[in-house]
Amino acid sequence: MLKQLYDFLIKISTDKTKKIYIRGAGIQGQNTLVDLIEMGITVSAYIDNDPEKQKNLCSGLPVYAPQWLYHQDSNDYYVLCAMMNPQYYAQARKEMMINGLEENIHFIDISFPLRTLRKTPLPARLIPKPSTSREARIFNNAYRRKREAHVSMPKNFPAPVLPTSRINDGLASISLLNVWITTACTLRCRDCLHMMPHYKSTSHEDVEVIINNLRRITNVSHVHILEVLGGETFLHPNLLQILEGIATLSNIDQVQLITNETILPDMEVINFLKKNPKFLIRLSNYNGHTEFPSALDDNQQGDFSKLDKLCHVHRLNHLRRTVDYSWTDFTDDFRHRGYSKDDVKHLFDICGCATSGLTLYQGKLYICFRMISPYGLNIIPLNEDSSRDYLVLADTSDEDLRDSIVNFYYDTDYLTCCYYCDGSHYGSRKVIPNQQIKKQVHREMETI
Ligand code: SF4
Ligand code: SF4
């Protein structure tokens with residue numbers, strides 16, 4: 001099926017005589033638009049059942065009802081269906097087939113790789129290198145995240161702005177900066193990207209250290225989205241002080257507090273959020289995955305709707321992520337893979353974690369969030385080359401900081417930790433998200 005999709009995309013990118021429509025004008029459809037633009041494919045319009053969406057342009061394109069489509073000559077267009085919910089795709093597919101369109105000829109499901117549990121991974125070398133620069137991919141990721149916030153927010157929420165160059169107005173562009181504030185979490189997700197269930201004891205980052213480091217970074221950078229996360233963000237005992245400290249910093253457009261929704265924030269945090277609309281809560285939406293709730297105990301299940309209601313009652317800016325139908329299976333295999341230098345650079349080029357933002361943790365900036373824990377837990381060994389994987393803020397003067405960040409973020413072409421990893425790309429093995437395990441899984445230093 002993946003090959004069918006690949007062939008279909010090649011066909012539509014070379015056949016310039018037909019119009020391209022995206023079925024679904026939601027976040028998934030809009031993300032697809034960004035992907036297609038990146039591939040050099042021009043989209044003419046969205047097709048969507050929702051009459052409200054049909055009244056306005058979406059990402060600058062008209063939105064037509066499916067009935068409009070059926071009045072066009074089906075030899076004149078291709079439809080790419082971009083829906084995260086498989087039931088929506090099934091309904092759209094049935095309706096299009098009743099109206100004489102053929103699957104994989106006139107239309108195709110473009111989102112299925114994101115929903116499918118791929119058990120046999122495709123080797124990274126078979127995944128084509130992206131056609132756009134690392135800089136463009138970093139900017140596109142930021143744009144996606146900002147637009148996701150924009151469409152979920154009240155109408156007056158600022159429209160997304162795409163960073164245009166690595167240095168703007170003398171400041172380094174950091175499209176997405178994660179600040180990791182705690183390793184405590186209420187859940188134990190077996191395939192946690194951050195490896196939370198592997199920590200023997202949890203720790204909370206010091207408020208002063210966090211704010212001092214953020215101040216140094218934002219003095220020389222424009223941060224488009226600052227994500228505050230853990231573990232579970234609301235478990236940090238001094239969260240309010242962290243937020244108050246962040247509010248004093250300049251050059252940050254938007255702050256997102258990531259939560260798995262199993263606990264509620266303190267009333268003082270709620271009051272802070274009410275007064276500071278650029279701070280918003282981002283609900284991870286684990287509950288949307290049908291297999292997930294049964295893995296939790298009664299207390300945890302109850303809190304999902306509580307946080308949602310609380311956001312509505314207090315009119316807190318918040319957004320609910322689209323449901324993950326699958327997660328990348330990073331596995332617990334941290335052996336050196338024996339890649340050549342070319343292999344490791346290719347893996348870094350195709351890996352989604354390599355362009356998804358910088359992360360601040362314990363005074364260091366990392367490009368790859370995934371590999372912070374394997375270093376911290378001594379699972380992969382440090383060597384003389386490991387320093388290319390992170391930027392130590394204490395070792396960098398204020399004068400050099402901006403250029404060091406820019407060079408590190410935009411010009412890194414591989415990380416030494418990539419040698420211990422299979423990466424995350426559309427050919428990766430996938431697992432069911434949010435599977436809970438009973439106990440902590442402590443790891444000891446491995447002999448590699
Ligand atoms: S909620 Fe799950 S995935 Fe998120 S940090 Fe906690 S253990 Fe990891
Ligand atoms: S270490 Fe793995 S997840 Fe991180 S950038 Fe490299 S390949 Fe991607």
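## Terms and model

Angles under 35 degrees count as roughly parallel, over 145 as roughly antiparallel, 65 to 115 as roughly perpendicular and the rest as oblique. This is a predicted model, in which local features need pLDDT of at least 70, side-chain atom pairs count only at pLDDT 80 or more, and totals for chains, interfaces and linings use all residues. Residues are numbered from 1 along each chain as its sequence is written, while chains are lettered from A and ligands numbered from 1 in the order in which they are written.

Helices (H or I, at least four residues) and strands (E, at least two) are DSSP runs, numbered from the N terminus.

## Helix 8 against helix 9

Helix 8 covers residues 207-220 and helix 9 covers residues 239-247. Their axes come within 10 Å and cross at roughly 20 degrees. Axes here are lines fitted to C-alpha atoms, for helices over the stretch in contact, and angles run from 0 to 180 degrees between N-to-C directions. Helix 8 and helix 9 are therefore roughly parallel to each other.

The crossing of helix 8 and helix 9 is right-handed (the near helix is turned clockwise from the far one by less than a right angle; anticlockwise is left-handed). Contact means C-beta atoms, placed from the backbone, within 7 Å. From helix 8, V207, I210, I211 and L214 meet Q241, I242, G245 and I246 of helix 9. This contact has 6 nonpolar, 2 polar and no charged residues. Ala, Val, Leu, Ile, Met, Phe, Trp, Tyr, Cys and Pro count as nonpolar, Asp, Glu, Lys and Arg as charged, and the others, Gly among them, as polar.

## Helix 9 against helix 10

Helix 9 also packs on helix 10 (residues 267-275), at an angle of about 20 degrees and with the axes 9 Å apart. Helix 9 and helix 10 are therefore roughly parallel to each other. Here the crossing is left-handed.

On the helix 9 side, L239, L240, L243 and E244 make the contact; E268, V269 and F272 meet them from helix 10. By class, the contact of helix 9 with helix 10 has 5 nonpolar, no polar and 2 charged residues.

An open sheet is formed by 5 strands in the order 3-2-1-4-5, with parallel pairing. Its edge strands are strand 3 (63-64) and strand 5 (107-109), each pairing on one side only. Strands pair if DSSP finds at least two bridges between them.

Strand 1 (residues 19-23) and strand 4 (residues 77-81) share 5 bridges. Y21 stands opposite V79 in strand 4. Strand 1 is joined to strand 2 by 3 bridges, and R23 stands opposite I47 in strand 2. Strand 2 (residues 45-47) pairs with strand 3 over 2 bridges. There, I47 has Y64 as its bridge partner.

## Ligand shells

A residue is near a ligand if its C-beta atom, placed from the backbone, lies within 6 Å of it. Ligand 1 is surrounded by C185, L187, R188, C189, C192, H194, M196, G230, G231, E232 and N260. That shell divides into 5 nonpolar, 4 polar and 2 charged residues.

Around ligand 2 there are 14 residues, the closest being C351, C368, C418, C421 and G423. The shell of ligand 2 has 11 nonpolar, 2 polar and 1 charged residues.

Note on methods. Two residues are in contact if their C-beta atoms, placed from the backbone, lie within 7 Å.
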